[in-house]
Amino acid sequence: MPATAPTPPTHTTPVLIVGSGPTGLTLACDLARRSVGVRIIDKSPEFPRSSRAKGPNPRSLEVLEDLGVADRVLAAGSAPLRMRKYRDGLPVADTDPFGSSHPTPDVPYDRGALIAQWQLEEILRDRLAEYGVHVELGSEAAGLSQGPGSVTVALADGRSIEARYVVGCDGGHSPVRKMLGVPFEGKTAEEQVMVCGDVEVDGLDRGIWHQWFDEDGAVMLCPIPGTRTGWWFQAGPERDAAGAPVPPSLESFRRLFAKHTRLPADRLSQATLLSTYRVNERMADRYRVGHVLLAGDAAHVHSVAGGLGMNTGIQDAYNLGWKLARVVEGRSDARLLDTYEEERLPVASWTLDITAERLRATLEAIRQPGGGLDSAISGNTTGLGLGYPWSSLSAHGSTPRLRAGDRAPDAPCRDAATGAPARLFEAFAGPHFTLLGFGPDTAEALRATEAAYGDTVRAYGVDAGALRDLTDDAAHARTAYGVEPGTALLVLVRPDNHVALIAPASESGAIGDYLDGLAGTA
């Protein structure tokens with residue numbers, strides 16, 4: 001049959017997102033709350049029920065709080081579980097990887113949340129629907145052409161969508177990336193194979209992540225929150241006579257279950273969403289080609305050790321959202337989008353390194369009785385230590401605790417006017433820059449900045465006697481930001497809650513210089 005010509009688009013969409021996983025949904029929510037016109041498409045005919053990623057880490061929970069859904073995620077999921085390690089069918093060790101951690105004034109989430117990926121996606125879709133935006137299923141991107149000011153995406157059904165910007169959030173096999181011709185360099189460890197699926201299991205304690213590690217293989221079962229008998233199943237595969245991995249199936253899962261747990265095979269049933277996982281370590285060499293950008297697995301894939309895959313994608317979207325919004329709204333030159341790659345590509349490179357190192361540590365640990373997946377968890381996997389000190393958007397300034405580019409800490413305070421509890425994260429929440437002024441000598445700078453840039457910046461004083469003043473009775477804010485007593489300091493926080501600059505009150509002109517420069521992306 002002759003090819004069908006694409007239907008001409010009727011109007012230009014400001015932003016088109018291809019792919020409705022956690023990365024695409026996070027970006028869509030961030031743009032929609034900024035009143036930026038956005039469409040999000042997915043080639044799937046229905047929403048997936050795959051559990052896959054096991055939940056957001058502490059930094060992603062902070063992102064989700066800013067988007068207004070962290071409470072829903074925590075309610076639907078559970079805290080990370082104790083891990084029970086077995087050898088030869090017998091329990092040999094219980095480990096709570098977060099047993100010694102606790103929230104602090106500057107870090108409200110000391111651990112991630114355990115939640116099936118489909119549940120997280122459902123929560124994000126519901127949030128997106130509150131802005132009147134819905135995922136368009138059955139819409140497969142099949143072609144892409146760029147003009148001087150827009151991109152036309154041809155769909156497999158003959159339709160087409162014209163957009164000012166397109167963001168490929170369409171996974172490790174990203175058609176958008178392939179259509180751009182962007183290399184995806186790296187390696188696949190063919191020998192490191194795992195079979196996975198969602199299964200039903202009766203008779204196991206659902207307050208435990210069970211891990212059977214034997215010299216000749218392993219089975220791991222983690223309960224899926226919100227289900228009665230649902231579990232994530234992961235295992236080293238069976239091998240055929242030639243040594244090749246046996247494809248996942250209910251029958252194979254039952255044999256592996258019985259072999260390593262020493263429990264009856266029929267305790268395991270209904271194996272679905274089966275997959276074979278191989279360790280891939282790859283990343284795109286660039287994140288932007290004209291009016292098309294890449295995020296999440298479309299830009300980088302790596303070992304699952306440390307649970308950073310979905311989380312890195314969520315944080316890609318959080319970095320990109322405010323920049324894309326400013327460019328679409330005409331508040332900044334398009335060169336601002338170059339800082340997305342400048343900041344996030346090094347993070348992806350670091351993530352490939354840290355996940356490879358955590359995988360090596362885990363494979364070493366499980367050789368000994370009592371070793372388990374807790375070896376994949378470290379302070380580096382929380383996401384809280386990642387910043388952009390090298391970025392051209394990290395202007396200058398530092399304190400003993402903080403540099404420009406760092407994650408902006410939280411702190412509990414009080415509303416000076418009402419006495420009600422208040423948090424810095426509540427001040428940051430929303431699509432604006434936040435200017436914090438520590439000390440009464442910053443009051444004039446706070447008022448002047450908001451008068452000049454009130455459509456961009458919200459100013460908050462910390463014991464400053466200014467608009468929206470916060471009282472820091474316990475000095476949690478000053479401690480988190482490294483502000484010495486008697487010091488008058490200004491801290492400008494970006495919409496993605498990273499520090500833009502730190503300046504003494506006597507250099508308040510630096511705030512206006514930064515914001516003016518951002519408009520022109522000088």
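1. What volume does the second largest cavity have? The second largest cavity has a volume of about 50 Å³. A cavity is a set of points, on a 1 Å grid over the protein atoms alone, where a 1.4 Å probe fits but cannot get out; grid points are joined across faces, edges and corners, and a volume is the space filled by probe spheres set on the points.

2. This is a predicted model, in which local features need pLDDT of at least 70, side-chain atom pairs count only at pLDDT 80 or more, and totals for chains, interfaces and linings use all residues. Residues are numbered from 1 along each chain as its sequence is written, and side-chain values use heavy atoms, with hydrogens and water left out.

3. The lining of the second largest cavity (residues with an atom within 4 Å of a point) includes Asn57, Gln315, Trp350 and Leu386. Two or more residues come from each of H7 and helix H8 (338-365). Helices are DSSP runs (H or I, at least four residues), as are strands (E, at least two), numbered from the N terminus. The lining has four nonpolar, seven polar and no charged residues. Ala, Val, Leu, Ile, Met, Phe, Trp, Tyr, Cys and Pro count as nonpolar, Asp, Glu, Lys and Arg as charged, and the others, Gly among them, as polar.

4. Two cavities of 30 Å³ or more are counted. The volume of the largest cavity is about 80 Å³, and Arg59, Tyr318, Asp496 and His498 are among the residues that line it. H7 gives the most to this lining, with three residues.

Key:
1 Å grid on protein atoms, 1.4 Å probe; cavity = no way out; pocket = protein on both sides within 12 Å on 5 of 7 lines; lining within 4 Å.
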